[in-house]
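Colleague: I am new to this structure and would like to learn how to read its features one at a time. Could we go through them together?

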Amino acid sequence: MSILETINLSKIYGKKEVTVEALKDINISINKGEFVAIVGPSGSGKSTMLHLIGGLERASSGTIKVNGIDISKLSDKDLAEYRRKEVGFVFQQYNLIPVLNVKENIELPLMIGNDYIDEAYIDELIDLLGITERKEHLPSQLSGGQQQRVAIGRSLATKPSIVLADEPTGNLDSKTTEKVMNLLKKSIKQFNQTLIVITHDNNIAKKADRIISIVDGEIQTLESKI
């Protein structure tokens with residue numbers, strides 16, 4: 001079942017004579033529970049595509065449907081609610097709050113929205129990520145790999161439908177990258193969520209169910225690996 005569909009999705013930056021067409025008529029469909037890797041050279045439009053799907057930017061034209069709802073038609077308020085509840089973000093920079101411990105950083109999206117905190121679920125998440133013994137620690141007391149695990153936990157705290165990861169292991173060594181990606185795949189599978197990862201790392205892309213290649217704002221290949 002399709003959870004995400006884009007129809008003729010385009011994004012243009014700039015005005016009049018000075019414009020850049022970052023995305024050109026992107027048409028994709030991604031199923032619930034699928035792990036998709038988006039690859040392409042720098043400036044190809046990968047991050048722009050992720051930002052549009054995540055509701056961080058608005059498209060110039062086209063449609064983005066998530067769970068059958070066209071998010072491009074949402075008001076700013078409803079789009080913010082979509083970002084908070086339906087999407088989990090994992091970036092190369094961990095963006096943890098220095099004065100909050102591991103557990104508090106993971107629960108932060110729920111605290112911001114004054115949402116109910118499912119303690120059993122949070123504890124399960126922390127255990128799955130292998131940071132139970134670190135949950136009272138501050139970010140400064142953690143390794144880079146541990147901080148990224150916390151960032152992953154935070155992205156999953158609201159039980160989002162889709163997790164978007166932009167070069168999530170860019171600051172990690174190859175051994176830690178392998179561990180973090182395996183944990184991310186495991187958690188996504190356990191909680192039946194959809195994972196979309198932007199990466200330059202072929203080893204990460206090979207872990208995906210499907211690879212989408214973008215060059216100069218256009219899809220070049222849709223390679224199924226199943």
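Colleague: Which residues touch the most other members in the largest nonpolar core?

Modeller: A word on the source comes before the answer: this is a predicted model, in which local features need pLDDT of at least 70 and side-chain atom pairs count only at pLDDT 80 or more, while totals for chains, interfaces and linings use all residues. Residues are numbered from 1 along each chain as its sequence is written, and side-chain values use heavy atoms, with hydrogens and water left out. In soluble globular proteins, nonpolar side chains tend to be buried together. A nonpolar core is a set of buried Ala, Val, Leu, Ile, Met, Phe, Trp, Tyr and Cys residues joined through side-chain atoms within 4.5 Å, where buried means under 20% relative accessible area, exposed over 50% and partly exposed in between, with a 1.4 Å probe and protein chains only. Here the largest core has 38 residues, and Ile106 and Ile122 touch the most other members. Among the elements that give two or more residues to this core are helix H3 (102–112), helix H4 (119–128) and strand E7 (162–166); helices (H or I, at least four residues) and strands (E, at least two) are DSSP runs, numbered from the N terminus. A second, separate core of 26 residues includes Ile3, Leu52, Val66 and Val87.

Colleague: Is asparagine 101 buried or exposed?

Modeller: Asparagine 101 counts as buried because its relative accessibility is 10%, and this residue is found in the loop between E6 and H3. Its side chain makes a polar contact with the side chain of glutamate 136 at 3.3 Å, and also reaches the backbone nitrogen of lysine 103 at 3.2 Å. A polar contact is a pair of N or O atoms within 3.5 Å; within protein, one must be able to donate a hydrogen and the other to accept it, and residues adjacent in sequence count only if both atoms are side-chain atoms.

Colleague: What is the order of the strands in the open sheet of four strands?

Modeller: Strands of a sheet pair through backbone hydrogen bonds, either parallel or antiparallel, and two strands are taken to pair if DSSP finds at least two bridges between them. In this open sheet the order is E2-E1-E4-E5, with antiparallel pairing. Strand E2 (18–31) and strand E5 (69–70) stand at the edges, each with a single partner strand, so one side of each has no neighbour in the sheet. E4 and E5 pair in the antiparallel sense over two bridges, and aspartate 70 in E5 is the bridge partner of lysine 65.
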